[in-house]
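Here is a short briefing on a structure. Read it with the coordinates open.

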Amino acid sequence: MNPNPDRAVLRIFEEVLADFAFLFGDPRVPEDLPVLVGTAYLACLPYRASVAGYIAFGVPERLALEIAANTLGVDATDPGVPLRAQDAVKEVASVIGGHLATALERPEQPVTLFPPQIFPLDRADWDRLRTDPSTRCFAVNDQPVILRVGPDAGGAST
Amino acid sequence: MAFSVLAVDDSSTVRAIIAKALRLSGVEVSRFGEASGGEDALRMLRGEGFDLVFCDLNMPGMNGYDLIEAMQQDGLLGTTAVVVVSSIGTPAAIEELRNKGVRGFLRKPLRPETLRQVVHSVMGGTREPQS
């Protein structure tokens with residue numbers, strides 16, 4: 001996979017978020033990102049192509065609940081939603097990875113994806129990732145979202 | 001005609017989406033089973049039998065490729081219809097899976113109307129979706 005597929009990453013992220021969870025991302029610079037309230041999750045999807053790396057997708061817990069509710073087509077107050085929140089965030093990362101691999105794979109350079117994992121992010125981890133130059137930031141429903149594709153997940157996957 | 005369906009995906013969210021998409025699409029389901037990975041799926045297929053399997057590819061443990069290969073090597077299970085449900089859609093991957101006996105492909109995110117078309121094409125007639 002191209003290590004710097006910025007344009008494809010942004011397009012696919014926005015399409016998947018809209019199609020999968022009916023949510024819309026507004027690209028922001030890190031300084032203009034809404035402030036994280038509460039805890040956050042980071043879903044990391046390892047890939048191997050010409051280089052190995054991670055697709056990392058970070059969201060606040062509150063947005064994870066919205067993603068789960070929208071994905072399942074149920075109200076956010078549905079008792080099943082909290083049980084699916086982390087799984088739904090992992091699935092968004094997985095679908096972004098699959099679409100990216102499809103868009104960027106070349107016959108001579110196959111892309112292998114591995115199952116995603118999810119990690120809790122504390123405020124310090126979040127701020128470090130948010131301000132990392134290779135992280136892309138979005139506002140989604142007035143909540144912050146971070147996305148990065150690269151050789152590491154900002155240390156959060158280790 | 002009603003089909004027994006097994007959804008194989010490590011994501012419980014996706015399994016729930018498949019169940020919901022089947023309901024919305026008008027595909028009649030006589031029995032709906034869920035497996036979170038290839039090993040579970042193989043055990044359920046051998047024990048209970050299903051008409052149609054919706055199978056993810058990227059799963060921990062026995063992944064979708066391994067499950068499909070194991071089904072092909074098992075005489076009886078080799079005739080079970082498999083539809084891959086994945087976000088991966090490269091022509092090379094699709095060709096490889098077709099050669100392994102996969103009959104249909106559904107790209108994530110899943111849509112009920114697409115699911116209905118694929119089930120119709122793989123299994124034959126389905127009733128009209130409910131409005």
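Two residues are in contact here if their C-beta atoms, placed from the backbone, lie within 7 Å. By that cut-off, 22 residues of chain A touch 19 residues of chain B. The model is predicted. The points below start with that interface, then take up the core, each chain and some local backbone features.

**Interface, seen from chain A**

**Nonpolar core**

- The largest nonpolar core counts 85 residues.
- Those with the most contacts inside this core are Phe57(A), Ala64(A), Ile67(A), Val89(A), Val92(A) and Ile96(A).
- Which helix gives the most to this core? Helix 3 of chain A (residues 81-104) does, with 10 residues.
- Ala64(A) can be followed through its contacts beyond four places in sequence: Tyr41(A), Val59(A), Ala85(A), Gln86(A), Ala88(A) and Val89(A).

**Chain A: overall build**

- Chain A has four helices and seven strands.
- Their order from the N terminus is α-β-β-β-α-α-β-β-α-β-β.
- A compact globule of 158 residues would have a radius of gyration near 15 Å, and chain A agrees, with 15 Å.
- Along the principal axes, the C-alpha atoms of chain A fill a box of roughly 50 × 30 × 30 Å.
- Buried residues come to 45% of the 158 in chain A.
- Take the contacts in chain A between residues at least 6 apart in sequence: 69% of them join residues at least 24 apart.

**Chain B: overall build**

- Chain B has five helices and five strands.
- These elements run β-α-β-α-β-α-β-α-β-α from the N terminus on.
- The radius of gyration of chain B is 13 Å, close to the 14 Å from the globule rule for 131 residues, so chain B is as compact as a globular protein of that length.
- The C-alpha trace of chain B spans about 40 × 35 × 25 Å along its principal axes.
- Of the 131 residues in chain B, 42% are buried.
- Among contacts in chain B with a separation of 6 or more, 64% are between residues 24 or more positions apart.

**Chain B: a helix pair**

- How do helix 1 of chain B and helix 5 of chain B lie relative to each other, and at what angle do their axes cross?
- The axes of helix 1 (residues 12-25) and helix 5 (residues 112-123) of chain B come within 8 Å and cross at roughly 80°.
- Angles of 65 to 115 degrees count as roughly perpendicular, and these two helices of chain B are therefore roughly perpendicular to each other.
- Helix 1 of chain B brings Ala21(B), Leu22(B), Leu24(B) and Ser25(B) to this contact, and helix 5 of chain B brings Pro112(B), Glu113(B), Leu115(B) and Arg116(B).
- By class, this helix contact has five nonpolar, one polar and two charged residues.

**Local backbone features**

- Most residues other than glycine have a negative phi, and most peptide bonds are trans.
- Phe22(A) is not a glycine, yet its phi is positive, at about 55°.
- Phe22(A) sits in the loop between helix 1 and strand 1 (25-28) of chain A.
- Phe22(A) has 14 other C-beta atoms within 10 Å, so it is partly exposed.
- Asn141(A), also not a glycine, has a positive phi of about 50°.
- The loop that holds Asn141(A) runs between strand 6 (136-140) and strand 7 of chain A.
- Asn141(A) is partly exposed because 13 other C-beta atoms lie within 10 Å.
- Lys108(B) and Pro109(B) are joined by a cis peptide bond, with omega about -5°.
- Pro109(B) belongs to the loop between strand 5 (104-107) and helix 5 of chain B.

**Pro151(A)**

- Pro151(A) is in the segment after strand 7 (143-150) of chain A.
- Is Pro151(A) buried or exposed? Pro151(A) is exposed, because it has 10 other C-beta atoms within 10 Å.
- Pro133(A) and Pro151(A) are 18 residues apart along the chain, and their C-alpha atoms are separated by 13 Å.

Methods
Residues are numbered from 1 along each chain as its sequence is written. Chains are lettered from A and ligands numbered from 1 in the order in which they are written. This is a predicted model: local features need pLDDT of at least 70, side-chain atom pairs count only at pLDDT 80 or more; totals for chains, interfaces and linings use all residues. A nonpolar core is a set of buried Ala, Val, Leu, Ile, Met, Phe, Trp, Tyr and Cys residues joined through C-beta atoms within 7 Å. A residue is buried if 20 or more other C-beta atoms lie within 10 Å of its own, exposed if 12 or fewer, and partly exposed in between; C-beta atoms are placed from the backbone. The radius of gyration is taken over C-alpha atoms; the globule rule is 2.2 Å times the number of residues to the power 0.38. Axes are lines fitted to C-alpha atoms, for helices over the stretch in contact, and angles run from 0 to 180 degrees between N-to-C directions. Angles under 35 degrees count as roughly parallel, over 145 as roughly antiparallel, 65 to 115 as roughly perpendicular and the rest as oblique. Ala, Val, Leu, Ile, Met, Phe, Trp, Tyr, Cys and Pro count as nonpolar, Asp, Glu, Lys and Arg as charged, and the others, Gly among them, as polar.
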